[in-house]
Amino acid sequence: MSAPALRPDLAAIADMIPPRARVLDIGCGDGALLEHLTRTKAVDVRGIELSQQNVNACVARGLSVLQGDADADLADYPSQIFDVAILSQTIQATRSPSKVLGHLLRIGRHAIVSLPNFGHWRIRLALLLNGRMPRTRALDHPWHETPNIHLCTIADFVALARDSGAVIDKAFALGEAGRTRPMEPDAWGPNIFADGAIFLLRPR
Amino acid sequence: MAETASPRFLRPLAAPAANAGAAISFGAEHPLVLDAGRALSPFTVAYMTYGTLNEARSNAVLVCHALTGDQFAASQHPVTGRPGWWETMIGPGRSIDTDRFYVICANVIGGCMGSTGPSDIDPATGKPYGLDFPLVTVRDMVRAQAMLLDALGIDEVLCVVGGSMGGMQVLQWAASYPERVVSAIPIATGARHSAQNIAFHEVGRQAIMADPDWKGGEYQLHGTKPDKGLAVARMAAHITYLSEAALQRKFGRSLQNRAEFSFAFRPDFQIESYLHHQGMTFVDRFDANSYLYITRAMDYFDLAEDYGGALAEAFVGSKTRFCIISFTSDWLFPTSENKRVAHALNAAAANVSFVEIETDRGHDAFLLDEPEMFATVRGFLNAVSSTRGIA
């Protein structure tokens, strides 16, 4: 059985994970990344996912996934029990991003966070010209319906990460179709031109 | 009941032999050593099986029943004639597929459907045990099941699954015999009985013991049956199995076969008639002393307590894969209790999945047609089977 190709941003995350690591994926969706890690790197994986259907999909794949959410459930995990804690395209939907990030850095020896960039020039321009909350392909909800209640720019996240006592070991800009290229966290370019970013963090 | 084999030793629950299933009796050389510090010997474990054990003896699924359940999980009940209590879950092509798995379900020790319980004859006295029957625990029930599996030549089960008290047994199995349990599905359960749960059980027990026909537990000797007390116990318990929303949806304030209040203490409301019916039918198939003993076993259950107060300790080093299922409207074993188990398993670095199913049917949901539960169990068992090379 050949597996479908992993989304490029997930592949970039997978590349950062050492073989046989213990990994927690928060907001693991249908488990595509976790299954890939299990198969290719013999990684010991756990997931947390909000949607019951997605949890069922994960369980049917033989993955260990808890139905729950990042805001409520991370507090119950002991410190430092995972090598890597992943929060992929989820932090903007949490009630308390700084607390969630704090837990991530406590639970994992490393944390990987990916997020959409609300500082993209199209979003800036849309707000400037239309005067309405911008909608993009990735963030396609009217402001009153969106689950993404804490959107931020790349620069905003870099500031939060540092305020949370994190060291940024690696950073990647996400481009068209999820393509990734390395970036400097403080460079101004990605904050205007990247659709999103992926960060490899560790507690200081 | 018609079957009064001997007026002295009334055995109202003697099942017709044809549907009674199998039973294994353990003699003096195999006593059941109980937590209460006594040994039960001789004793019998009555059970049913469905499906075929494969050559490798690797496809056994042990189903654990709840407080008032029995071994007739997937076949007609010999007393009531009703379908098995989990026929929606177990059967050919169903989530627990009897075309693939060898399903075993045993009546718990202390029960009244063939496994040794308080209504059986105490060989020491020649009279029914009654309250001389030793107190049993969930761990004792599991010990008896382990001895049954030994007798059947099954070292390892692919899955242990059950809801409510069945889920307690599942957790106990995983803690007591981790090397024998490949996977576990505890449903609508908890690692302990809460104060509220104990309180409801005590109401039920007091109702039974307040019935003059209970006769200090020796009702068999007197040829009586504490049906009224047992029915009240069932009625009180039944309320805890349903959610407020489901009661409102099904019954509301509707009146039963009348347009106006009777201005008397007849069952005016449909919910009253429903509870009366539940109580009345229950006494035909359940023994009052068994009810006392089994509720007590649930009350005593606190898995963390056996491991120094830290639930995670019960599962350290466990290779068992767990899939925990709870229901949103279950207030007897709410999601929080189920999740507590999930978090303990996580802290013990065990493989655990947890699913909360949205429903307004309360605790009873695990016995009902809940497609998401069936899908979860099916997917989980498929994944576990494929890792063990079971077709």
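A crossover counts as right-handed if, with the strands pointing away from the viewer, the path from the first strand over the helix to the second runs clockwise. Keep that in mind for chain B. There, strand β11(B), helix α2 (residues 165–176) and strand β12(B) make a right-handed β-α-β unit.

First, what are we looking at? This is a predicted model. It scores ipTM 0.83 and pTM 0.90. Chain B averages a pLDDT of 93, and 95% of the residues score at least 70. One stretch of chain B needs care. Over residues 1–18, pLDDT stays under 50. The model has 27 contacts beyond four places in sequence for that stretch.

Now to β11(B), which covers residues 159–163. Is this strand covered or open? Mostly covered: five of its five residues are buried. In a regular strand the side chains alternate between the two faces of the sheet. Here, Cys159(B), Val161(B) and Gly163(B) point one way. Val160(B) and Gly162(B) point the other way. Both sets are buried.

Next, the neighbours. Which strands pair with β11(B)? One is β5(B), residues 60–64, joined to β11(B) by four bridges. Those two run parallel. Within that pairing, Val63(B) has Val161(B) as its bridge partner. Another is β12(B), residues 183–187. That pairing is also in the parallel sense, over four bridges.

On to the core. In soluble globular proteins, nonpolar side chains tend to be buried together. The largest nonpolar core in this model has 167 residues. Which residues have the most contacts inside it? They are Val61(B), Val63(B), Val103(B) and Cys159(B). This core draws at least three residues from each of two domains of chain B: domain 1 (17–192 + 304–387) and domain 2 (198–294).

Take Val61(B) as a close-up. Leaving out residues up to four places away in sequence, it touches Ile96(B), Phe101(B), Tyr102(B), Val103(B), Val157(B), Leu158(B), Cys159(B) and Val161(B).

How many residues of chain B are in contact with chain A? The count is 21, and they meet 14 residues of chain A. Elements giving two or more residues to that side of chain B are α9 (335–347), β14 (351–357) and α10 (371–387). The largest share, eight residues, comes from α10(B).

Technical notes. Residues are numbered from 1 along each chain as its sequence is written. Chains are lettered from A and ligands numbered from 1 in the order in which they are written. This is a predicted model: local features need pLDDT of at least 70, side-chain atom pairs count only at pLDDT 80 or more; totals for chains, interfaces and linings use all residues. pLDDT is the predictor's confidence in each residue, from 0 to 100. Two residues are in contact if their C-beta atoms, placed from the backbone, lie within 7 Å. A residue is buried if 20 or more other C-beta atoms lie within 10 Å of its own, exposed if 12 or fewer, and partly exposed in between; C-beta atoms are placed from the backbone. Two strands pair if DSSP finds at least two bridges between them. A nonpolar core is a set of buried Ala, Val, Leu, Ile, Met, Phe, Trp, Tyr and Cys residues joined through C-beta atoms within 7 Å. Domain bounds come from an automatic or database domain assignment.
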